[in-house]
Amino acid sequence: MEIRPFALESRVSAHTNSLRSMKKIDATTILSESAEQTQAVAASLARRLPAGSVLALHGDLGAGKTCFVQGLASGLHVQQPVSSPTYTLVHEYGGDVPLYHIDLYRLQGAEDALDMGLDEYMEGAGITAIEWPERAASALPAETVHIRLEHGEAENQRRIIMDAGWR
Amino acid sequence: MIVLGIESSCDETAAAVVRDGREVLSNVVLSQIDSHRPYGGVVPEIASRAHLEAMAPVIQDAMDQAGLGWSDLDQIAVTQGPGLASSLLIGITAAKALAMRTGCPLTGINHLAGHLYSIHLNSELPLASPDCPWLVLLVTGGNTLLAHCQSIEQVTVLGQTIDDAVGEALDKGATLLGLGYPGGPEIERLAKSGDPQRFSFPRGLQGGRGIVLGGYSRELCFSFSGLKTALLYRLRDCPNWQQQGAGPDLAASYQEAAFDALLDRLERALLETGCQRVACVGGVAKNLRLREKLDDLSTRRSVDLHVAPLAYCTDNAAMIAGLAGARAMQGFPLIPVDDVQPNLPL
């Protein structure tokens, strides 16, 4: 799937101004200066993703994966706090479409992922955001959207690389 | 009223027998920590297999230690969530089978409500009532929340974490500091010889703007992801921290920041609710530094403080059996156990 992070809808939203001021490094990379900006990018993305999309979120500890999912949730008008699913593996949220926030950190392979019902989430009508996707790479569909979050130079800076692919 | 409780929400296989919601006749907990240690956290598939192997002997052990037979039981209670689906399933299946075999009524219990109840085990503390509400800080590896308890059934969540749980923050901090799993006790051990004021770490909610907080007051919510990231940067900027012997100071400062954030929220909630009774429950409540800080708060604000006994801080089945017994004695109906509920809210 082609992702064009800056093809913003004309609809004005609280996030738009924040998004416009952000620096675009190249066609797929955005420089975010704060958690709020990262969330704005995610919210904007969430509003344009078709139902059934699967997002693989790559990035180290503290890179902002959960922050990104909080942005997705806000874009989908989820009315609950989005907390880390590290312990229960999956958190489900009701929004414009369901949002499934999944953490595969503790899994040991694609078989474990199928055991926990990963394919059922991904085949559903919601948006599935997966942290540590490399733990179950072969279980993810070919059209998965890969997003990579990297620490920038300044403390709150992050590079958000859209459609990053496996690396 | 004798209740057998069964708990398997995460990595502890547990069964307990409790009389009248209060008197713990047996409390058997088989921890799987050693099996998960090499992986730095709970591995669901390993947990589920271990529950399967341990469940029957653990239940038998709880019955033997209580000195009771199956016909002595009045009720069976089981944790139905929140937790790991594949782990919860083992306890629920065992409980259903036992209920069928013994003819005992079966009730589901919310794991978090069980934690809130844990201060009442082997104690005569009054249960929450409209004249005597409790403010409870629940701190575990998977959850961090503040609850206002007006009875064992009327519980209002005042605030919760918007990202990581405090136990998770300690685990992740320990990982960054190259310590073992579980991280909380490791950080506590290292922090003992450290200076908690040497490094400054963020306290409280960082960069939460733009997030819908489900009707909770922001001031009563927790955030620990900024703390974790601050530690990451601190270590990155000072790669020689280990050679410089900064480990203990880092651990102490990190732990102090996490606990200051907890205490700050707790104190705000105390002022807002006017509660005279405060409790702290959950695995992180084992931490002695946290207990000290809670003691200070209770003295400063002249409120009663009750921290769960060490045996009932981490996951156990006595809190499940205890709450079920207390509910039954107050005439509350059984809670049907249909299926596992991994995301069951409080």
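How many residues does the contact take from chain B, and how many from chain A? Hello everyone, let me start there. The answer is 38 residues from chain B and 34 residues from chain A. Please keep in mind throughout that this is a predicted model.

Let's stay with that interface for a moment. Put together, chain B and chain A bury about 2,700 Å² between them, and carbon and sulfur atoms account for 54% of that area. Now for the polar side of the story. How many salt bridges does the rule find across the interface of chain B and chain A? The count is zero. What the rule does find across this interface is eight residue pairs in polar contact, with both residues at pLDDT 80 or more.

Which elements of chain B give two or more residues to the side that touches chain A? They are α2 (44–66), α5 (166–176) and α7 (225–237) of chain B. The biggest giver is α7(B), with five residues. By class, the side of chain B that touches chain A divides into 16 nonpolar, 13 polar and nine charged residues.

A quick word on chain A before we move over to chain B. Chain A has five helices and eight strands. Reading from the N terminus, their order is α-β-β-α-β-α-β-β-α-α-β-β-β. Chain A has 167 residues, and 59% of them count as buried.

Now to chain B on its own. Its domain assignment gives domain 1 (2–117 + 313–329) and domain 2 (127–308). Note that domain 1 of chain B is written as two segments, 2–117 and 313–329. Taken over C-alpha atoms, the centres of the two domains of chain B are 27 Å apart. Where they meet, 17 residues of domain 1 of chain B are in contact with 20 residues of domain 2 of chain B. The area buried between these two domains is about 1,400 Å², and carbon and sulfur atoms give 72% of it.

Which residues in domain 1 of chain B lose the most area to domain 2 of chain B? Those are B:L112, B:L116 and B:C313, and together they make up 42% of what that side buries.

Across the interface of domain 1 and domain 2 of chain B, the rule finds one salt bridge. The side chains of B:R327 and B:E153 meet in a salt bridge, at 2.7 Å from N to O, with B:R327 in domain 1 and B:E153 in domain 2 by the assigned bounds. The same interface has three residue pairs in polar contact, both residues at pLDDT 80 or more. On the domain 1 side, the elements giving two or more residues are α1 (33–36), α4 (111–117) and α10 (318–329) of chain B. Here α4(B) gives the most, with four residues. That side has eight nonpolar, five polar and four charged residues.

To finish, let's tour some salt bridges. Over all chains, a search of the whole structure finds 21 of them.

Our first stop is B:E168 and B:K172, whose closest N and O atoms are 3.1 Å apart. These two residues sit four apart in helix α5 of chain B, so about one helical turn separates them. Are they buried or exposed? B:E168 is buried, with a relative accessible area of 3%, and B:K172 also counts as buried, at 16%.

Next come B:E256 and B:K293, with their closest N and O atoms 2.7 Å apart. This pair links distant parts of the chain, 37 residues apart: B:E256 lies in helix α8 (residues 247–273) and B:K293 in helix α9 (residues 288–301) of chain B. Both B:E256 and B:K293 are buried.

The last pair is B:R289 and B:E292, at 2.5 Å from N to O. Both lie in helix α9 of chain B, three residues apart, about one turn of the helix. B:R289 is partly exposed at 26% relative accessible area, and B:E292 is partly exposed at 43%. Finally, salt bridges that share partners join B:R203, B:E256, B:D260, B:R289, B:E292 and B:K293 into one network.

Definitions and conventions: Residues are numbered from 1 along each chain as its sequence is written. Chains are lettered from A and ligands numbered from 1 in the order in which they are written. This is a predicted model: local features need pLDDT of at least 70, side-chain atom pairs count only at pLDDT 80 or more; totals for chains, interfaces and linings use all residues. Side-chain values use heavy atoms; hydrogens and water are left out. Contact means heavy atoms within 4.5 Å. Buried area is the accessible area (1.4 Å probe) that two parts lose on being put together, summed over both. A salt bridge is a side-chain nitrogen of Lys or Arg within 4 Å of a carboxyl oxygen of Asp or Glu. A polar contact is a pair of N or O atoms within 3.5 Å; within protein, one must be able to donate a hydrogen and the other to accept it, and residues adjacent in sequence count only if both atoms are side-chain atoms. Ala, Val, Leu, Ile, Met, Phe, Trp, Tyr, Cys and Pro count as nonpolar, Asp, Glu, Lys and Arg as charged, and the others, Gly among them, as polar. Domain bounds come from an automatic or database domain assignment. Buried means under 20% relative accessible area, exposed over 50%, partly exposed in between (1.4 Å probe, protein chains only).
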